[in-house]
Amino acid sequence: MRLLVALAVAAFSGFVSLSYELLWFRVYGVANGALASSFPLLLGTYLLGLALGSLWSQVLCRDTSPTTGTRPLRLVTAFFVFANGVAYLSIPGFAAACTFTEGSPAPWMGLLTIFLGALFPLVAHFGVPADTRAGARVSYLYVANIVGSAAGSLLTGFWLMDVLSTAGISAVLLGGSMLGAALLLAGCGLTRRQLAGALVAVGVGGGGLLAAGPVLFDRLYERVQFQAKTEPGFRFTHVVENRSGVITVAPDGTIYGGGTYDGVFNTDPRGTDKNLIFRAYALSALHPAPRRVLMIGLSSGSWAQVVANLPGVEELTVVEINPGYRDLLAHYPQVASLAHNPKVRIEFDDGRRWLTTHPDARFDIIVANTMVHWAGGSAHVLSREFNELVKAHLSPGGVYFFNTTASHRASRTATDVFPYSVGVAHCLAVADTPIQVDLERWRAAMLRMRIDGVPVFEAGREEDRRALDALEARVSGSLEARPRMLRRTDAAVPVTDDNMGHEWD
Amino acid sequence: MRATLSAPEPLVPESPVMDPLAEPRSAAGVLPLRWVAPVFFASGFSALLYQTVWQRALFTHYGTNVESVTVIVTAFMVGLGAGSLLGGVYSRDPRRPALLAFCLVEAAIGLFGLVSLPLIEKVGALTLGMGTLGTGVVSLLLVLVPTTLMGATLPVLVAFAVRLWGNVGRSVGALYFVNTLGSAAASFAAAFFVMSHLGQAGTVQLAAGLNLGVALLVSLVLRRGRA
């Protein structure tokens, strides 16, 4: 086998392997609830598959005069076709297996790299003579493999994942591999009849898989996210797949980011209030006159909609990492106006990076209702270093209000950094100056507050007055004073960038 | 793993490519093979630990948005590719000592590892606010030296193994197997134990300790070979 063909196969297998790694991580991350361990577990099985493939390849490499004849290329081609066909079926297979799974599924599809892993030593064996330049030539193959992998990272991770669904990218990869298989077959020294037969076989097999795609990938995220609990016929109202992740919305308005609860489309503090939105309204009790507000994380936009309409707020900057959340706003009337509100500016960036790149920005209130404390990357927005960064961006008398998601460690970290604090349900308000909770001021603000021109509470309506009383009782009943909180979190180890908090628990 | 490297085939080159000047006699003979598997496993183990922690540390400074993630991952690959080419160039001359080079490379990776987190912290603080291109360039510069060294290990050891076995597929397969298996083991270890118990600094220290231990072990083997 010629070195050039070996280089092309090594590059293409690197591209396909890394592209599938990205797709597997996207799908497995949803199945595993965005845990920090998702990536190393998937990477571990991926590498284990490559390692076992290398081991297996040694059996096929016993021939020590490998570069003669077309048999090596036929063997490589057969491996190539089989590996790519199996890879295409990996995600539908994982989704199907998920429907029988209770709890976190194993990322077994990573093991399928056993076939792709066998390809690299195989092409090295057949493409590189065992002479003194073997190390150098293998390095070319290795580089070709890495170039293919880097192309997968850039092309698939940066572009395809933003414009195509998982099913679409899988189809593109299968189509590319069918083309590659046809080129390899053309060099296999087959007779015209044999070549035609092989091409028809590849075309029928690959075409059949592509035709079955809509069935194979149907309700992919419903099955992956809810697994054995998936109800027959259940469908998400919206599924947004882009390079920043996967957002799903259930028919009841619950929104999920990477398979984890991320809020509900709801701005009404009355009734069931499934997203505890009353905490956003409580901000008016914690700061006397918030004018400039920064919100890290948009999600459903419900919190942003409430905060943007709090009396006195003149400017709300929202920093969100995934543009997909903004695209959903238009579908939900409770938050649709947020996208056009002149007071609101939505920026797409990592929240922490935005703070570091805007060192002079100061805010009266900074709100972070971002992610659950056990999710991967949560320490980026819960650590002592992050709290100190936030502190540097508060105006005099400013308040940082964030969701601890009931983590003692997150609470303790913030109370170590800020000398004043008040708990509100699972949220915590912290500041450098005393926080005066003024429910009278809050009540007056609620009676002035309008969303989309509609009063939230009308002073003259008995029903609204009773609802406001109930809300006031709810806010005051959820407050937790600092001494009690310090006692409750006494044994908690603060979160730091180094220990990464709960991420690896 | 060891069974793979001491397969029933004779450990004698089947093509006359071995140069007796390449390594001290016993270092090029059977003895080092006992060491190559575990040390290359440890090398792969430590490399994956570094990658896990360095990516995490770089994300802290440059953000976890997909642009940063992509450029950082690509920077790792560029380093590994460059290292592979350099290792390949080095291995062209069979008189060059492959095991000694491997030993020095491992020591250099370990020494870099020890200073890596403070270095990332300092550079990250100095380069705040850079765009995607700037992030890519700085990330590349930060990881270029260690990943180049890591990338160089495979072709150097392949050249060594081919001189012993005269079989490229078997050499690449065996070395790729133990090295990748080490990385896979490190992934599982990171997920279940290392990151939660050691944190970022402790994980990097463990990886550096493995590199320096590997370098020490190989140097002892080489000294025994010369004795």
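**Entry 1: A:Thr237**

I began with the neighbours of A:Thr237: beyond the residues within four places in sequence, A:Thr237 is in contact with A:Val249, A:Ala250, A:Pro251 and A:Tyr332. I note at the outset that the model is predicted. A:Thr237 sits in the loop between helix H8 (220–226) and strand E1 (238–242) of chain A.

**Entry 2: A:His373**

Which side chain makes a polar contact of 2.8 Å with that of A:His373? I found A:Thr405 as the partner. Not counting residues up to four places away in sequence, A:His373 touches A:Ser378, A:Leu382, A:Thr404, A:Thr405, A:Ala406, A:Ser407 and A:His502.

**Entry 3: Domains of chain A**

I looked up how chain A is divided and noted domain 1 (3–224) and domain 2 (267–488). The C-alpha centres of these domains lie 46 Å apart.

**Entry 4: Chain B**

How many helices and strands does chain B have? I recorded six helices and zero strands, the order from the N terminus being α-α-α-α-α-α. Chain B has 227 residues, of which 62% count as buried. I noted an accessible surface of about 8,600 Å² for chain B, with 71% of that belonging to carbon and sulfur atoms. Of the contacts in chain B between residues at least 6 apart in sequence, 85% join residues at least 24 apart.

Within chain B I checked B:Gln55, which belongs to helix H2 (residues 31–62). With a relative accessible area of 7%, B:Gln55 is buried. Setting aside residues up to four places away in sequence, I list B:Tyr50, B:Ile72, B:Val73 and B:Phe76 as the residues that B:Gln55 touches.

**Entry 5: Contact between chain A and chain B**

I then asked how the two chains meet. The contact takes 64 residues from chain A and 63 residues from chain B. Together the chains bury about 5,200 Å², with 68% of it on carbon and sulfur atoms. On the chain A side, A:Tyr142, A:Arg353 and A:Trp504 lose the most area to chain B, together 12% of what that side buries.

For polar pairing, I noted five residue pairs in polar contact between chain A and chain B, both at pLDDT 80 or more. The rule finds one salt bridge across the interface. Which residues form a salt bridge with the closest N and O atoms 2.6 Å apart? I recorded B:Arg56 and A:Glu503.

Last, I listed the elements that give two or more residues to the side of chain A that touches chain B: helix H2 (38–60), helix H4 (113–127), helix H5 (134–163) and helix H13 (351–357) of chain A. H5(A) gives the most to that side, with 16 residues.

How values were computed
Residues are numbered from 1 along each chain as its sequence is written. Chains are lettered from A and ligands numbered from 1 in the order in which they are written. This is a predicted model: local features need pLDDT of at least 70, side-chain atom pairs count only at pLDDT 80 or more; totals for chains, interfaces and linings use all residues. Side-chain values use heavy atoms; hydrogens and water are left out. Domain bounds come from an automatic or database domain assignment. Helices (H or I, at least four residues) and strands (E, at least two) are DSSP runs, numbered from the N terminus. Buried means under 20% relative accessible area, exposed over 50%, partly exposed in between (1.4 Å probe, protein chains only). Contact means heavy atoms within 4.5 Å. Accessible areas come from the Shrake-Rupley method with a 1.4 Å probe; for residues, only the protein chains shown count as cover. Buried area is the accessible area (1.4 Å probe) that two parts lose on being put together, summed over both. A salt bridge is a side-chain nitrogen of Lys or Arg within 4 Å of a carboxyl oxygen of Asp or Glu. A polar contact is a pair of N or O atoms within 3.5 Å; within protein, one must be able to donate a hydrogen and the other to accept it, and residues adjacent in sequence count only if both atoms are side-chain atoms.
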